[in-house]
Amino acid sequence: MTTTNKNLEQWVSDVARLTKPDKIHWCTGDEAEKKSIIDLMVKAGTFIPLNPETHPGCYLHRSDPSDVARTEHLTFVCTKDQETAGPNNNWMAPNEGHKKIDALFDGCMKGRTLYVIPYCMGPIDSPLSRCGVEITDSAYVVANMRIMTRMGTPALKRIERENTFVKGLHSTGDLSPDRRFVMHFPEELTIKSIGSGYGGNALLGKKCHALRLGSFQARNEGWLAEHMLIVGIENPKGERHYVAAAFPSACGKTNLAMLIPPQAYREKGWKVFTVGDDIAWIHPGKDGRLYAINPEAGYFGVAPGTGANTNPTALNMLHKNAIFTNVALTKDKKPWWEGLSKPAPEGLTDWQGRPWESGKGPAAHPNSRFTVSAQQCESYTPAAEDAQGVPLSAIIFGGRRKELAPLVVESVSWKHGVFLGASVASETTAAATGAVGVVRRDPMAMQPFCGYNFGDYWTHWLSMEKTSSKLPKIFHVNWFRQDKAGNYMWPGFGDNMRVLEWILKRCEGKGEATRTPIGYLPTVDAIDVSGLNMTPQAMRELLSIEVPAWKLELDGLNEYFAKYGSRLPKDLSEEKKRILNELNS
Ligand code: GTP
Ligand code: SPV
Ligand code: MN
C-alpha cells in the first residue's frame with residue numbers, strides 16, 4: 001500500500017483498471033526520482049540536455065507540432081446545469097463528458113507508466129492552500145509539476161490528514177487533436193484531460209485546478225482565484241506595497257512581476273519583489289484587507305521577447321535547472337528564441353528540430369516556454385511562502401490594445417473597478433491555438449479560465465465590498481498602444497515602474513489626476529518620464545480619451561453583456577449607463 005488514504009487508493013486502482021498501465025509509480029518528489037525521470041527522458045529523446053557549462057541541469061523538450069498551446073475549443077466545464085457553466089464556457093453534461101472521455105482513456109496507458117503526483121497548490125503549511133493528485137502517463141508532466149508545484153511526500157501527508165483533494169486524470173493519449181479534451185467537473189472536484197502534453201492542458205494543478213476548479217470553489221467559499229501576478233514594491237522609505245495584476249495570456253504578467261525599476265528609481269531605493277507571475281488566490285483578511293498567495297512554486301513563462309533589455313531577471317534564472325519547451329537550439333546547445341539576441345546566431349536548429357534559415361518563420365515557437373523554480377528568481381521573496389499571503393494595496397487589470405485604452409486609469413469606486421475588469425478586451429496571442437491579434441473580450445483575463453458563469457463571477461467580485469472594508473484600489477493599464485507606424489508608444493517593461501509609482505501614490509491619496517467619464521486619468525505630467533524620449537504630445541495621446549471610439553467600445557460591451565441575460569449584475573449595466581451619460585454630456 002502506498003497511501004493510508006482509502007479514497008486515493010481506490011481512485012488510483014480504478015484509473016489503473018481503466019487505463020491499463022504497465023507500471024504504477026507514486027511520486028515522492030525526491031532527488032533520486034528527479035534523476036531517474038530525467039535519465040528516462042534523455043534516453044527516450046524527449047529531453048535534450050543543453051550545454052552543461054552554460055546551462056547545467058537544463059533540458060530542451062520538443063512537443064508534437066500540433067500540441068503547442070492551450071486548446072480552448074476542446075476545453076469543457078461539465079456542470080449539472082448548463083447555466084452554471086455560463087456562456088463563457090463550453091459545456092457538456094457530466095455523465096456525457098465522463099462517457100466520452102473515459103472511452104478515450106480505456107487502455108490508453110498500455111506499455112506506459114502511470115505516475116501518481118500528489119501536489120499542494122500554495123505553501124504546504126498554509127490554510128489557504130489546496131491539494132490535488134494528478135495521475136499522468138507523461139514523464140514531461142512529472143518533471144514540470146515537480147517545478148511548478150509543491151509535489152510529493154509532503155503533499156501526500158497533507159492529503160492523508162485532510163482527506164480531500166482534487167482528482168486530475170491526464171494522458172497524452174495519441175496526441176491527436178481529434179481525440180483531445182480537457183474536461184472539468186467542478187461539482188466533483190475532478191479534471192480529466194487527454195490528448196495533449198502542453199502546459200495549460202496537461203499540468204493540471206495550474207489552469208485546470210488553480211483557476212477553473214479554484215474559481216468555482218472560491219465563489220462558494222468567499223474568496224477569489226485569479227489569473228494574476230503578485231508583485232511587491234518597496235519605496236525609498238522601506239515601505240512595501242503588494243499589487244496583483246491580471247493581464248490575458250502572454251500580455252505581460254511575468255514581465256511585470258520581475259520588473260527592474262529604471263536606474264534613477266533604483267538609485268533612490270526602489271525595489272521589486274516577485275511573489276507570483278500567473279495565479280493569485282485572494283482571501284479577505286480579518287483586518288478588512290485582501291490577502292493573496294501564489295498557489296504555484298515555479299514559472300511556466302513565455303520565452304520569446306525575454307531578453308537582456310526586457311526581462312533580465314527572467315534571463316538570469318534560466319541558466320540552471322530549467323526546462324525549455326519548443327525553443328530553438330544554437331550550435332553549441334544553448335536555448336535561443338526571438339528577442340534573446342540580434343542577429344540570430346548562425347546554425348540554429350528550429351523548434352521542430354530542423355535547420356533554421358532566416359525568412360522561414362520564427363526559430364522558436366511564438367508560445368515556446370521555460371519552466372523554472374520560483375526560488376531561482378533574483379527578485380524572489382520569502383513572502384511567497386507566507387501562509388497568510390500578502391496584503392494587496394492595488395489590483396490592476398490590463399490588456400493588449402493597439403488603440404483606445406489609455407496607459408492607465410483608476411476606477412472611481414469598487415463597483416467601477418469591477419466594471420473595468422469585466423470590460424477587459426485584448427488582442428489574442430499564441431498562448432492559445434487560433435488566430436493571433438484579434439481583439440476579444442477577456443474579462444479579468446479569465447475568459448479561458450473562469451470555471452462558472454461570468455454573470456455570477458462578477459456578482460461575486462462585487463460582493464467583496466460586503467466582506468472587506470479596506471479593499472485595494474482598482475486600475476486598468478495598457479502597455480501596448482501603437483502609433484500609426486505600428487511602434488509601441490510606451491517603452492514598457494522596467495519603465496512600467498513609472499506607472500506603478502503613480503498607482504501607489506493614488507493608493508496613498510496622492511498623485512495628480514483628472515476625473516473623466518472612464519475614471520481618474522493621470523494629468524500629463526503626473527507620471528515621471530524623466531530620462532525617457534516621451535514627448536508631451538505622446539503622453540497626452542496615451543492619457544486621452546476619444547469619445548466616439550469609447551462610445552463604440554461601450555456598444556460592443558453592451559452586446560457582450562447581453563449574453564449573460566438576467567445573470568448580469570445590475571451594478572455593471574448601471575456603470576455602463578453612467579459612463580455613457582458622462583461621455584454624452
Ligand atoms: P502567460 O504566461 O501566458 O499567462 O503570459 P504573461 O502574462 O506572463 O506574459 P509575459 O510577461 O510572458 O509576456 C508576453 C509577451 O509580452 C512577451 O513576449 C513579452 O516580451 C511581452 N511584453 C511583456 N511586457 C511588455 C511591455 O511592457 N511592453 C511590451 N511592448 N511588450 C511586453
Ligand atoms: C496561459 O496561457 O495563460 C499560461 C500558459 O500561463 S498555460 O499554463 O499553458 O495556461
Ligand atoms: Mn497564464
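Biologist: Which strands make up the open sheet, and in what order?
Modeller: In this predicted model, the open sheet has 5 strands, running β2-β3-β19-β22-β18, and the pairing is mixed.

Biologist: Okay, and which ones are the edge strands?
Modeller: Those are β2, residues 48-49, and β18; each of them pairs on one side only.

Biologist: How do β3 and β19 pair, parallel or antiparallel?
Modeller: Parallel, over 3 bridges, with β3 covering residues 59-61 and β19 covering 323-325. One of the bridge pairs joins Y59 to I323 in β19.

Biologist: What holds strands together in a sheet anyway?
Modeller: Strands in a sheet pair through backbone hydrogen bonds, and that can be parallel or antiparallel.

Biologist: Switching to ligand 1. Which pocket is it in?
Modeller: Ligand 1 takes up the space of the largest pocket.

Biologist: How many residues surround it, and which are closest?
Modeller: There are 22 around ligand 1, and the closest are A250, K253, T254, N255 and R369. By class, that shell has 10 nonpolar, 8 polar and 4 charged residues.

Biologist: Which elements supply at least two residues of that shell?
Modeller: α9 (253-257) and β18 (298-302) each do. The largest share is from α9, with 3 residues.

Biologist: So what about polar side-chain atoms by the ligand's oxygen atoms?
Modeller: T254 has one 2.8 Å from an oxygen atom of ligand 1. For R369, a side-chain N or O atom is also 2.8 Å from a ligand oxygen. H227 has a polar side-chain atom at 3.4 Å from one.

Biologist: And how much of ligand 1 does the protein bury?
Modeller: Taken alone, ligand 1 exposes 660 Å², and the protein buries 92% of that.

Conventions
Residues numbered from 1 in each chain as written. Chains lettered and ligands numbered in written order. Predicted model: local features only at pLDDT ≥ 70, side-chain atom pairs only at ≥ 80, totals over all residues. Heavy atoms only, no water. Near = heavy atom within 4 Å. Polar contact = N/O pair within 3.5 Å; in protein donor to acceptor, adjacent residues only side chain to side chain. Areas by Shrake-Rupley, 256 points an atom, 1.4 Å probe, with all protein chains shown as cover. 1 Å grid on protein atoms, 1.4 Å probe; cavity = no way out; pocket = protein on both sides within 12 Å on 5 of 7 lines; lining within 4 Å. Sits in = over half its atoms within 2 Å of the grid points. Helix = DSSP H or I, 4+ residues; strand = E, 2+ residues; numbered from the N terminus. Nonpolar A, V, L, I, M, F, W, Y, C, P; charged D, E, K, R; others polar. Pairing = 2+ DSSP bridges.
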